[in-house]
Amino acid sequence: MTDEEREIIRNQITRQIVVVNKSIETLSELISGEVQSDANDWFTSKEANPSKEINEMALAKAKQKLVVLKNVLTRVDSPGYGICINCGRPIPFERLKALPAATRCMSCG
Ligand SMILES: [Zn+2]
């Protein structure tokens, strides 16, 4: 993997972290009830809010993703990054670009 490719991957991860951070922020606000989503307007106040549970699940997922992304960011510069942990062959750049956390090549899945 070239330095240029590493740089592209690093930028990609950083961008994804920004996106995930933003959704964590939005979801936290939705859950705490500070802002009302459009979806919430469809329900009257008497009814339970079914979207809260969905938001909490999405928040947990987003937090998990953030941990993974931050972890990948620390690995990008290590020599082992981009090498398949199964067969030891380089993982195609296009796959890493789409899935920076990938630790296996296409064929090892
Ligand atoms: Zn492999």
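Residues are numbered from 1 along each chain as its sequence is written. The mean pLDDT of the protein is 88, and 85% of its residues reach 70 or more. Where pLDDT is low, the predicted coordinates should not be read in detail.

The protein has 3 helices and 0 strands, in the order α-α-α along the sequence. Helices (H or I, at least four residues) and strands (E, at least two) are DSSP runs, numbered from the N terminus.

Now the pair itself. Helix α1 packs with helix α2 (residues 50-75) at an angle of about 155 degrees, and their axes are 9 Å apart. The axes are lines fitted to C-alpha atoms, for helices over the stretch in contact, and angles run from 0 to 180 degrees between N-to-C directions. The angle therefore makes α1 roughly antiparallel to α2 (under 35 degrees counts as roughly parallel, over 145 as roughly antiparallel, 65 to 115 as roughly perpendicular, the rest as oblique). The residues of this contact divide into 14 nonpolar, 5 polar and 6 charged; Ala, Val, Leu, Ile, Met, Phe, Trp, Tyr, Cys and Pro count as nonpolar, Asp, Glu, Lys and Arg as charged, and the others, Gly among them, as polar.

Two residues of α1 can be followed individually. V18 lies in helix α1 and counts as exposed, with 10 C-beta neighbours inside 10 Å. A residue is buried if 20 or more other C-beta atoms lie within 10 Å of its own, exposed if 12 or fewer, and partly exposed in between, with C-beta atoms placed from the backbone. V18 and L66 are 48 residues apart along the chain, and their C-alpha atoms are separated by 9.3 Å. S32 also lies in helix α1 and is exposed, with 8 other C-beta atoms within 10 Å. From S32 to K52 the C-alpha to C-alpha distance is 9.2 Å, at 20 residues apart in sequence. Of the 109 residues of the protein, 12% count as buried.

Methods:
This is a predicted model: local features need pLDDT of at least 70, side-chain atom pairs count only at pLDDT 80 or more; totals for chains, interfaces and linings use all residues. pLDDT is the predictor's confidence in each residue, from 0 to 100.
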